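Hi everyone, thanks for coming.

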Amino acid sequence: MAKLAINGGPKAITKSIGPDWPIRDDSDLQQLKEVLESGNWWRGGFEDPKQSKVGRFEEAFAKYQHAKHCLAVTNGTTALECGMKAAGVEAGDEVLVPALTFVASATAIALVNAVPVFVDVDPETYDIDPAAMEAAITDKTRAAVIVHNGGYPCDMDRILAIAKKHNLALIEDCAHAHGSEWKGRRVGAIGSLGTFSFQMGKTLTCGEGGAIVTDNDDLAEKAFSFHHIGRVPGRPFYEFHRVASNLRMTEWQGAILLSQLARLDAQLDLREANAKHLAAGLKKIPGVASIARDPRVTRWGFYYWNFHYRQDEFEGIPRDVFLKAVNAEGAPIGVGAHGQPIYQNPLFRSMNFGRTGCPVKCPLYGKPVDYAKTCCPTAERLHQTQALSIGHRYFLGGMEDMDLILSAIRKVRENCDELRRHCGQ
Ligand SMILES: Cc1ncc(COP(=O)(O)O)c(C=O)c1O
């Protein structure tokens, strides 16, 4: 008789894990009602914009992320574009970006007419590899978009030193990392500036939204201008100074973010406690392991919790076969680190940059680029064989949910022979 669910046996997990996302209650409704009744649905309708919902959220989120300034924008992709424009990234510049991330980290670079240069990642953390980053720097490199993948902070000590040595603007893509800390300092304003996403799946959400944080007054002022059609504070409303779009956040989004932010700390603490329990349980199961936590990562506010699969310690069962089996048991585990290396997307493989080929064929750049030839071997290996992850909402239930996930993994581990027969090995 089959024991494994993949072969028709009983499932290890028969209840749903974690609550519905996003969490919401009457406090969200109250915030929205206030906007509705005020009749002021955009931040510009306030005599003092700081009194708007968006303005109040910006103040609270800057404080939350240990930053001097916060600017709310329409989403995480436009936050990256706006941040790079503020940092002076222009046509002909190269910008470094890790191979493992969401595609927007790279497309945002092309959207400001610069050239993305893909950099390999660290096999333990899934974040950009500082040595590979430094090796990729050329006389055209203007900036680096580093990504705290899954919310696990990059090695900011090494990366800051590299950025300083080579005079690079350092943009922290914090779309996964609300509340994460490096040596007690929250991510975002450790580098030149940081960007956040508040898209529906993120740990702080208003459906769609984004933000830029920075300690730098000049960058904050430029970002404000680039998000406000080129206006400059203190100048007439119909006077424009830059080629810029409208990236303003609405009061509806600001309102929801205010109520959601009030829950964030308790949610982060609950996720961390559950993740610790899961990590302790994984230690007892050969073939799966949590990230070896760097003590400088003083808080890990994760969007998804990355961990590792080790085929050689899991009786040779390939990662994807394990995933099918554990999913059949009801465990919500997926491929980690945001999936395939982003340069493997058709956009890059087929060099689909439109009629002119800009920005990669921009005469201001002048170097040949063929992304079909790009290869970051560690990222490719991790994607195919090692990376696992569990989404943040599954950590918002009780520890018994972690025990259920562990029981599903353990069950698969204990029935490798049956699994091997199933996949004809
Ligand atoms: C690492 C990363 N950067 C940027 C973004 C873009 O954010 P948005 O979807 O809000 O545009 C995302 C979205 O998932 C992301 O994961």
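Okay, so let's begin with helix α3, residues 76–86, and helix α7, residues 217–226: they pack at an angle of about 125°, and their axes are 8 Å apart. Because of that angle, α3 is oblique to α7. Keep in mind that this is a predicted model.

As for handedness, the crossing of α3 past α7 is right-handed.

Now, which residues make the contact? On the α3 side you've got C82, K85 and A86. Over on α7, look for L219, K222, A223 and F226.

Right, on to the cysteines. How many disulfides are there, if we ask for a pair of cysteine sulfur atoms within 2.5 Å? The count is zero.

Let me show you two examples. Take C174: the nearest cysteine sulfur belongs to C154 and sits 8.8 Å away, and C174 is in no disulfide. Is C174 buried or exposed? Its relative accessibility is 0%, so C174 counts as buried.

Then there's C376. C376 has a relative accessibility of 4%; under 20% means buried, so C376 goes down as buried.

That's my tour, happy to go back to any part of the picture.

Methods:
Residues are numbered from 1 along each chain as its sequence is written. This is a predicted model: local features need pLDDT of at least 70, side-chain atom pairs count only at pLDDT 80 or more; totals for chains, interfaces and linings use all residues. Side-chain values use heavy atoms; hydrogens and water are left out. Axes are lines fitted to C-alpha atoms, for helices over the stretch in contact, and angles run from 0 to 180 degrees between N-to-C directions. Helices (H or I, at least four residues) and strands (E, at least two) are DSSP runs, numbered from the N terminus. Angles under 35 degrees count as roughly parallel, over 145 as roughly antiparallel, 65 to 115 as roughly perpendicular and the rest as oblique. A crossing is left-handed if the near helix is turned anticlockwise from the far one by less than a right angle, and right-handed if clockwise. Contact means heavy atoms within 4.5 Å. A disulfide is a pair of cysteine sulfur atoms within 2.5 Å. Buried means under 20% relative accessible area, exposed over 50%, partly exposed in between (1.4 Å probe, protein chains only).
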